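Please read it with the sequence and the model open.

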Amino acid sequence: MLPPGEFRHLAENLFFTVRRKATGRLPARPWIAYNAITRLESLLRPDWTVVEFGSGASTQWYARRVGTLHSIESDESWYRQLKPDLPANVRYELRGQNDYPDLRDYQDRSIDLVIVDGIMRAECMEAAIPKVKLGGWIYLDNSDKDMTIHNGDVRRAEAQLRHAVQSRGGNLEVATGLTVGLMLAQEWQLAQLM
């Protein structure tokens, strides 16, 4: 179900969707739900360290709002397309499946926010949880993606996130919103870990 507040974005999003389908041009906003954009924007700070699994229009958006952004991508053509336009505060890496979720460069509890999107979400979540600071955040995009697959990748990532909230303390927000550039509603989850 789409929350009532998201209906105000229908006309704008119809325009973005039609333009994207006709021209291939993406909106200059994260390709996530409108209400997720609003929520994340309320959190982001200019001194934060953020890790993003799966790059896109969100990469530039996050980069303008945080101190350091480490964006990890698996799709080589997308990587080549995005790389030339990224600002200096972005560490952008192309990685294969063997090292995609690897966060060993980070000390435990040193990252302010981890965005889990893209491939291997369960493995990314497993790598991210110990690295998130006390009071830090993890955002799981499209958390309804494989809802009909009992032990699918997103289901495992969601279970890990819920377990982290229970074991470390914190809270979990679950919401559905209208996704920028797509005429569909998608669920997202945002957890603060203590």
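Ser-58 is buried, with a relative accessible area of 11%, where buried means under 20% relative accessible area, exposed means over 50%, and partly exposed lies in between (1.4 Å probe, protein chains only). The model is a predicted one, in which local features need pLDDT of at least 70 and side-chain atom pairs count only at pLDDT 80 or more, whereas totals for chains, interfaces and linings use all residues. Residues are numbered from 1 along each chain as its sequence is written, and side-chain values use heavy atoms, with hydrogens and water left out.

Ser-58 belongs to helix H3; helices (H or I, at least four residues) and strands (E, at least two) are DSSP runs, numbered from the N terminus. Its side chain makes a polar contact with the side chain of Glu-52 at 2.5 Å, a polar contact being a pair of N or O atoms within 3.5 Å, of which, within protein, one must be able to donate a hydrogen and the other to accept it, and residues adjacent in sequence count only if both atoms are side-chain atoms. When neighbours within four places in sequence are left aside, Ser-58 is in contact with Pro-30 and Glu-52, contact meaning heavy atoms within 4.5 Å.

## Pockets

Rolling a probe the size of a water molecule over the atoms shows where empty space is left. On a 1 Å grid over the protein atoms alone, a pocket is an open set of points where a 1.4 Å probe fits, with protein on both sides within 12 Å along at least five of seven lines, while a cavity is a set of points from which that probe cannot get out; lining residues have an atom within 4 Å of a point. Grid points are joined across faces, edges and corners, and a volume is the space filled by probe spheres set on the points.

The largest pocket holds about 460 Å³ of space. Its lining consists of 25 residues, and those nearest the centre are Trp-31, Gly-54, Ser-55, Gly-56 and Asp-117. Helix H3, residues 57-63, gives the most to this lining, with three residues. By class, the lining of the largest pocket has 11 nonpolar, nine polar and five charged residues, where Ala, Val, Leu, Ile, Met, Phe, Trp, Tyr, Cys and Pro count as nonpolar, Asp, Glu, Lys and Arg as charged, and the others, Gly among them, as polar.

The second largest pocket has a volume of about 260 Å³. It is lined by 13 residues, of which Leu-26, Gly-56, Ala-57, Trp-78 and Leu-82 are the closest to its centre. H3 and helix H4 (76-82) each supply at least two residues of this lining, which divides into seven nonpolar, four polar and two charged residues.

## A covered helix

Helix H5, residues 121-128, is mostly covered, with six of its eight residues buried. These buried residues are Arg-121, Ala-122, Cys-124, Met-125, Ala-127 and Ala-128, and what covers them includes strand E1 (49-53), strand E4 (111-116), strand E5 (132-140) and helix H6 (153-168).

## Salt bridges

Side chains of opposite charge can pair when their charged atoms come close. The structure holds 15 salt bridges, each a side-chain nitrogen of Lys or Arg within 4 Å of a carboxyl oxygen of Asp or Glu. The table gives some of them.

| Pair | N to O distance |
|---|---|
| Glu-12 and Arg-29 | 2.9 Å |
| Arg-91 and Asp-105 | 2.8 Å |
| Glu-158 and Arg-155 | 2.8 Å |

Glu-158 and Arg-155 both lie in helix H6, three residues apart, about one turn of the helix, and both are buried. Salt bridges that share partners join Arg-91, Glu-93, Arg-95 and Asp-105 into one network.

## Positive phi angles

Most residues other than glycine have a negative phi. Met-120, in the loop between E4 and H5, has a positive phi near 50° and is buried, with a relative accessible area of 17%. Asn-142, in the loop between E5 and H6, also has a positive phi, of about 50°, and is buried at 9% relative accessible area.
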